[in-house]
Amino acid sequence: MNFNSIRTRLQLWYGLILVVILTGFGFTAWQLERGHLLGRVNSELDRRAGFLATALHPRPGGPGRGGPEGGEPGREGPPFDQMSGPPPEEGPPEQGPPEGQSPGRELRLPPETAGMFDASDPNNFYFIIFDQAGQEIRRSTNAPAQALIPAEAGNAESPEDRRPPEGGGGPHARIFQINGDRAELELQTPQGSMVHVGGTIAPELQELRLVAFKLVLVGGGILLLGLAGGWWLAGRAIRPIADISATAAQISAGDLSRRISLTETGSELGRLAVVLNSTFARLEAAFAQQKQFASDAAHELRTPVTVLLTQTQLSLGRERTPAEYRATVEACQRATQRMRKLIESLLALARLDAGQETMNRLNFDLADLARDGADWVRPLAEARGLALVLELAPAPAPCVGDADRLAQVLTNLLTNAIEYNRPQGEVRVTTGVENDTAILTVSDTGTGIPAEDLPRVFERFYRSDKSRTSGGNGLGLAIGKAIVDAHGGSIDVTSESGRGTTFTVRLPVR
Amino acid sequence: MRLLVIEDEPNLLASLAQALREEGYAVDTAADGEEGLFKAESVDYDAVILDVMLPVMNGWEVLTGLRKTKKTPVLMLTAKDQSRDRVKGLDTGADDYVVKPFDLAELFARLRALIRRNTHRTTNDIQIGSVGIDTGARTVTQDGKPVEITAREYALLEYLAVHRGEVVTRATLYEHLFGDDDDTLSNLLDVHVSNIRKKLGHDFISTRRGHGYCLE
């Protein structure tokens, strides 16, 4: 058995708690039953002792006083213990002992009292009477040789048993004791005589054993039921965990498309499954993106390599003129430059992705940055007959970040704006501040980007211009976005067909 | 044999066209899918080399458009080397598939095989009487001895040999032996035919007046 399994541990806890509860419950029930039975024995002995005491020292109140417990037993006749059999009807009429009878004399018991101690059966109640001096003056024939109480008073069951019986009258000191299958009561009369009454409690003990057996049986049954139910419940409760674990194992084995089947989304495990599923989905998307990126990168590298291979194999095919060799070498150089740029871009992206590219955290003025960037590309714009318009609002607060990196982003946006502009068009650069955000926009008056391409322009290797004549590698905007993201900013694009495209960079202001 | 190369990378297009011309093919070029499809539909090329990633129309669209009208053998050229891309290319109607970057020698061999299959031959060797033509090595022998022959003469001879027994018109010969960029003089064919007859015997190529030429 796997003791680390949640189910097993739950089960063990269930079992432990159940055993404790059942034990406590069963023990209490048994104690109550035992108290009840012994109380009955106690009161039986008490009643008999009372009769004996009365017989020993008849009250001056006259005959008919059956016992010390109060009430009026004389009217209805004395109560009889069922265990001692029916009362002897044939006895002579009730008659109290003679007046002034002393314990030293021959003791005569009233018949009903004597009937309580039928000596013919050793299992019946017995009595031993001692006088004030501790001399035994009478004992029933079935009394055991040794009385329990004087010799083994220390074995009294509990202090409770020693208290005077209720309604027994203050002067009667009494001790109740149980030993083995015998119970014995010692009653000291006010006159100083001692009355020992005893009897077997084997039937009561037998009954108690039966009760205990029943309690164990019922408790065991409940425990088994509880354990079975607990096992089932625990299984039910952790079944979603098994599902989750199985799915996670499949995903770990490489099948990223697997998802946890959701039967219920309200429970804690259901919510966990929902969270895990969305994590798996993001994981799969990230993997797919990475795969696509690697595939695109390989594809982008294949083309210049193909050019290199074709050019060199063609050139080596036969003797060439120096001019032809020169043309071949130049073509190879262009292909190599393209590969170099691509590799640099890929490395930059990889570093940005890994968060290894450390950004300076310096104050700079966005308007200055825009002006420098515009100056940098001005010759290119003029060569194409484009107007470069600057609307630079002086910033009330400096931006914080890596000005060199952001200048790289701006240069990329500006060269794109020049590249994809119409002849005699315009490139407009604006800066400003809006709600604690510095804003830089670069607009062109080109043909615009088709609406379906707009969401994808920041994707790696995505080119709205499918002809690849621009010489770009489709990574410029992706790198720009990564740099702006690293600054906690954002970059967006809007475009209107035939009117132009506007890129907006937002950066947080200190 | 006349080929069309459709490829948008200018360096690659130029070097590929030059290499194929040096192999003796007449080569036309197209830099995008639309131009490529137009040329492929208007001329009976012996084979088309088609890049997949093309502006305006991609290679699949060109192939699908071309297959509506022509059975020209098409060799796809692509940087996508996944099996499903190759399957898609072949299923769309491409006859062969070469992954970039490729070896020129392999590309040429595949091209020869493509043209050979299209003319229902199984080997590169064609034997006509005492004349043997090796279309792989592009050599001609007579009685086992090599015959010196120019590239253009070889191309003319090969085309007639491949279509042996058929009367090949002058127009067809012009179409298959000269690319768009070649200067073609009206009597250029007659000069080449005359030179071949001098080298292999006057009766080797027969002239059908008003029709064209024929290799018996």
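**Close-ups of a two-chain predicted model**

B:Pro101 sits in the loop between strand E5 (96-99) and helix H5 (104-118) of chain B. Helices (H or I, at least four residues) and strands (E, at least two) are DSSP runs, numbered from the N terminus. This is a predicted model, where local features need pLDDT of at least 70, side-chain atom pairs count only at pLDDT 80 or more, and totals for chains, interfaces and linings use all residues. Residues are numbered from 1 along each chain as its sequence is written, while chains are lettered from A and ligands numbered from 1 in the order in which they are written.

**View 1. A cis peptide bond in chain B.** The bond to look for runs from B:Lys100 to B:Pro101 and is cis. Its omega is near -10°.

**View 2. Parallel strands in chain B.** Here five strands make an open sheet, ordered E2-E1-E3-E4-E5, with parallel pairing. Two strands count as paired if DSSP finds at least two bridges between them. At the edges are strand E2 (26-30) and E5 of chain B, each pairing on one side only. From one strand to the next, the twist averages 20°. Look inside the sheet for strand E1 (residues 2-6) and strand E3 (residues 47-51) of chain B, a parallel pair held over four bridges. Across from B:Leu4 you'll find B:Val48 in E3(B).

**View 3. Two loop residues with positive phi.** A:Asn435 isn't a glycine, yet its phi is positive, near 50°. You'll find A:Asn435 in the loop between strand E9 (426-434) and strand E10 (437-444) of chain A. A:Asn435 counts as exposed because it has 7 C-beta neighbours inside 10 Å. For these labels, a residue is buried if 20 or more other C-beta atoms lie within 10 Å of its own, exposed if 12 or fewer, and partly exposed in between, with C-beta atoms placed from the backbone. Over in chain B, B:Arg138 is not a glycine either, and has a positive phi of about 55°. B:Arg138 belongs to the loop between strand E7 (131-134) and strand E8 (139-142) of chain B. B:Arg138 is partly exposed, because 16 other C-beta atoms lie within 10 Å.

**View 4. Two helices crossing in chain A.** Helix H9 (residues 403-419) and helix H10 (residues 476-486) of chain A have axes that come within 9 Å and cross at roughly 145°. Those axes are lines fitted to C-alpha atoms, for helices over the stretch in contact, and angles run from 0 to 180 degrees between N-to-C directions. Residues making the contact include A:Leu406 and A:Val409 of H9(A), plus A:Leu477 and A:Ile483 of H10(A).

**View 5. Where chain A meets chain B.** In this view, 18 residues of chain A are in contact with 18 residues of chain B. Two residues are in contact if their C-beta atoms, placed from the backbone, lie within 7 Å. On the chain A side, the elements giving two or more residues are helix H6 (268-316) and helix H7 (322-354). H6(A) supplies the largest share, 11 residues.

View 6. Chain A averages a pLDDT of 79, and 83% of the residues score at least 70. That score is the predictor's confidence in each residue, from 0 to 100. Over residues 62-105 of chain A, pLDDT stays under 50. Residues 151-170 of chain A are also below 50. Where pLDDT is low, the predicted coordinates should not be read in detail.
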